[in-house]
Amino acid sequence: MGKRGGAKGGAAANNEIILNSSKGTFKFTKLKDGLYVQHMFGANSGQIGIPTDALLKFAGIVSEAALPAGKAVAKPVAAMSKGITKKEQPKKEKKAPEPKPTLEDLDADLTSYLSARNGGEAGGTEAEA
């Protein structure tokens, strides 16, 4: 695999920063569109590319993670969580049910339907299937 950033003979170029730690070597390479980070530690090696527009947020996250556990900045949390609460729904008024149609109302509806279907003729009681 070729070297990025033009580093030759183990010397780091101007756009590379090398960080040695007990858990391997980190190589930071500045690119036109962001930062390329390589971690070299045997089988636990890897790389990540961070776009320029996300670098500040990424740096903030890394800075928070670097603080000792006891000194971590506490994020505001609600005093006592009530869990998920259901909103109070306005009570709906029940409408009075419509009165059931009488036999005469049903017969009148059927007659008007049949007369309209037959072109205005009085259909009587014949129903076409």
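This is a short walk through one predicted protein model, from its overall layout to a few single residues.

Hi everyone, and thanks for coming. First, some housekeeping: residues are numbered from 1 along each chain as its sequence is written, and side-chain values use heavy atoms, with hydrogens and water left out. Because this is a predicted model, local features need pLDDT of at least 70 and side-chain atom pairs count only at pLDDT 80 or more, while totals for chains, interfaces and linings use all residues.

Let's start with the layout. The protein chain holds 2 helices and 4 strands; helices are DSSP runs of H or I with at least four residues, strands are runs of E with at least two, and both are numbered from the N terminus. Read from the N terminus on, the order of elements is β-β-β-β-α-α. Of the 129 residues in the chain, 12% are buried, where buried means under 20% relative accessible area, exposed means over 50%, and partly exposed lies in between, with a 1.4 Å probe and protein chains only.

Let's go through the pairs. S1 (residues 16-21) and S2 (residues 24-31) are antiparallel over 6 bridges, and they make a hairpin with 2 residues between them. Here, Ile 18 sits opposite Lys 27 in S2. Next, S2 and S3 (residues 34-40) run antiparallel and are joined by 7 bridges, again with a hairpin through 2 residues. In S3, Val 37 is the bridge partner of Phe 28, and His 39 is the bridge partner of Phe 26.

What about the surface? Ile 48, Phe 58 and Val 62 form a nonpolar patch, with about 240 Å² of accessible area together. Patches take residues with over 30% relative accessible area and no salt bridge, joining like charges within 9 Å and nonpolar side chains (Val, Leu, Ile, Met, Phe, Trp, Tyr) within 5 Å. A salt bridge puts a side-chain nitrogen of Lys or Arg within 4 Å of a carboxyl oxygen of Asp or Glu, and accessible areas come from the Shrake-Rupley method with a 1.4 Å probe, where for residues only the protein chains shown count as cover. Ile 48 belongs to S4 (residues 46-51) and counts as partly exposed because its relative accessibility is 40%.

Finally, the helix H2 (residues 103-117). Its 15 residues reach 21 Å from first C-alpha to last, close to the 21 Å expected at 1.5 Å a residue; the expected span is 1.5 Å times one less than the number of residues. After H2 comes Gly 119, with a positive phi near 85°. Happy to take questions!

Technical notes:
Two strands pair if DSSP finds at least two bridges between them.
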